[in-house]
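Please look at the sequence and the model first, then read the points below.

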Amino acid sequence: MTTPSATSVYIHFPYCLRRCAYCDFATTVARDIPRDAYLAAILAELQLRARDLTPAPIATVFFGGGTPSLWGANNVGAVLAWLDRWAGLPADAEVTLEANPGATEFSTLAEYAAAGVNRISVGIQALDDRRLRALDRVHDSAGALGALKQLGELLGAGRLRSASADLIFGAPGQTLADLQADVRRVLDHGLPHLSAYSLTVEPGTPLHQRVERQVQAAPDEDLQADMLAALPALCAPYGLSRYEVSNYAQLNHTCRHNLAYWTGRYYLAAGVGAHGFLPAATPGWLGRRYGNARSHQKWLSAVTRGAFAEELSEDIDAETHLAERVLTGLRLTEGLDLEALRRDVGEPLSQALLQRAHKAIARGRPLQVSGTRICVPGEALHLLDALVLDLV
Ligand SMILES: C[S@@+](CC[C@H](N)C(=O)[O-])C[C@H]1O[C@@H](n2cnc3c(N)ncnc32)[C@H](O)[C@@H]1O
Ligand code: SF4
């Protein structure tokens, strides 16, 4: 049986040169990366998953990690060629690759652009050597500036359609003035997109252990809230505005792939630890979320013998989907689109949500209903978690 296809594709590349102190993503530290074997395994998983899907032209592809800039442009190009043969990859599709400064020596950023990547997101995190060391990053600030310069040149030459940088704020010792300097030094390179994440201490990470042992201070949450509030004004002189809690873009430079996640679209995901959302095989369900094994061995041995390696598989009903849409939709500056939600979960559930929003507003909660959208004003973003609970 075939079902409608996902038009967004996520490919996870799990290898990194070093584990960063704060990171709990599905990553493996390796110097000797099995690049070709990983390509063969990804293509095997894609073939397996494609059997149940009706191909439709792909709108967005995202190579995330880990450090996909260590894979090599030839391997990234081979995945794109497979997707093009399977479903069609139009010239206007958004193709993003995450790149790390100091972890691109296998292929240069220009080679990735030549292989079909048209958007590069570079993990800068900080432009201060002391802070980069505290985060256990593999690169220093000179390496980060070098990557930004390369991106600026590729954009200027029209070899990339868009580019972004990631920053982390609230690392120990960082002041508001430091954040301002980081943002300026990144955006001075002409990047039209910035992601700025508040440092979180994830259980099981080296950062968590250091904070527990009081070797490192926990992030100051009040200062992080001030930083979150300050970011729109820091980005505005460069023409970037907030479109999601952690994301800022110039016009036509939002990340279409992430917007597909946040607006509840289906997406096909492949690779170690990758999570996807596809149409449900069983009637009556809105979709199915799956999560691949985080163990490299488990995933590899399953896909190479033609089997899935899912550790998680959950059919999603309309109510669960609605809760997910509230969670991601309220993070968007434009808010949650009730009209689109109604089409996906039906009139009764979306009407009930609208009523809960009106009741919360009547109780003085900082929500807004305008037209067909429910949104959280920028100054109330620090209350987001509580506002989500009001609605689901
Ligand atoms: C998993 S990383 C992959 C990208 C790439 N490997 C890198 O490190 O730049 C994606 C982004 O998530 C953010 N991130 C990961 N863990 C985080 C944490 N605990 N707190 C804040 N941001 C985090 C970082 O900004 C990072 O660039
Ligand atoms: S390089 Fe990126 S994915 Fe790898 S450990 Fe660091 S933050 Fe995580």
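Alanine 93 sits in the loop between α2 (73-86) and β7 (94-99); helices (H or I, at least four residues) and strands (E, at least two) are DSSP runs, numbered from the N terminus. The model is predicted: local features need pLDDT of at least 70 and side-chain atom pairs count only at pLDDT 80 or more, while totals for chains, interfaces and linings use all residues. Residues are numbered from 1 along each chain as its sequence is written, and chains are lettered from A and ligands numbered from 1 in the order in which they are written.

**Alanine 93**

- Alanine 93 counts as buried because it has 22 C-beta neighbours inside 10 Å. A residue is buried if 20 or more other C-beta atoms lie within 10 Å of its own, exposed if 12 or fewer, and partly exposed in between, with C-beta atoms placed from the backbone.
- Not counting residues up to four places away in sequence, alanine 93 touches Ile58, Ala59, Thr60 and Val61. Two residues are in contact if their C-beta atoms, placed from the backbone, lie within 7 Å.
- From C-alpha to C-alpha, alanine 93 and tryptophan 82 are 15 Å apart in space, and they are eleven residues apart in sequence.

**Ligand surroundings**

- Around ligand 1 there are 16 residues, and the closest are Tyr22, Phe25, Gly123, Asp166 and Tyr197. A residue is near a molecule or strand if its C-beta atom, placed from the backbone, lies within 6 Å of it.
- Strands β8 (119-125) and β9 (162-169) each supply at least two residues of the shell around ligand 1.
- The shell around ligand 1 has six nonpolar, seven polar and three charged residues. Here Ala, Val, Leu, Ile, Met, Phe, Trp, Tyr, Cys and Pro count as nonpolar, Asp, Glu, Lys and Arg as charged, and the others, Gly among them, as polar.
- The residues surrounding ligand 2 include Cys16, Arg19, Cys20, Cys23, Phe25 and Gly123; Gly65 and Gly66 also belong to this shell.
- By class, the shell around ligand 2 divides into four nonpolar, six polar and one charged.

**Helix packing**

- Helix α6 (residues 176-187) packs with helix α8 (residues 221-235) at an angle of about 35°, and their axes are 10 Å apart. Axes are lines fitted to C-alpha atoms, for helices over the stretch in contact, and angles run from 0 to 180 degrees between N-to-C directions.
- On the α6 side, Leu176, Leu179, Gln180, Val183 and Leu187 meet Asp226, Met227, Ala230, Leu234 and Cys235 in α8.
- This contact of α6 with α8 has eight nonpolar, one polar and one charged residues.
- In helix α10 (residues 296-304), the residues His296, Trp299, Leu300, Ala302 and Val303 are buried. They lie on the same side of α10 because they cover an arc of only 170° around the axis, the arc being that of the directions from the helix axis to the C-beta atoms.
- The buried residues of α10 pack against β4 (28-29), α1 (35-50) and β15 (287-292).

**Backbone geometry**

- Most residues other than glycine have a negative phi, and most peptide bonds are trans.
- The peptide bond from glycine 65 to glycine 66 is cis, with omega near 20°. Glycine 66 is in the loop between β6 (60-65) and α2.
- Aspartate 136, in the loop between α4 (129-134) and α5 (141-156), has a positive phi near 60°. Aspartate 136 counts as partly exposed, with 15 C-beta neighbours inside 10 Å.
- Glutamine 214, in the loop between α7 (206-212) and α8, also has a positive phi, near 60°. With 8 other C-beta atoms within 10 Å, glutamine 214 is exposed.

- Serine 313 is part of strand β16 (residues 310-316) and is exposed, with 10 other C-beta atoms within 10 Å.
- Leaving aside neighbours within four places in sequence, serine 313 is in contact with Arg288 and Tyr290.
- Valine 326 belongs to helix α11 (residues 318-329) and is buried, with 22 other C-beta atoms within 10 Å.
- Valine 326 touches Leu336, Val388, Leu391 and Val392, not counting residues up to four places away in sequence.
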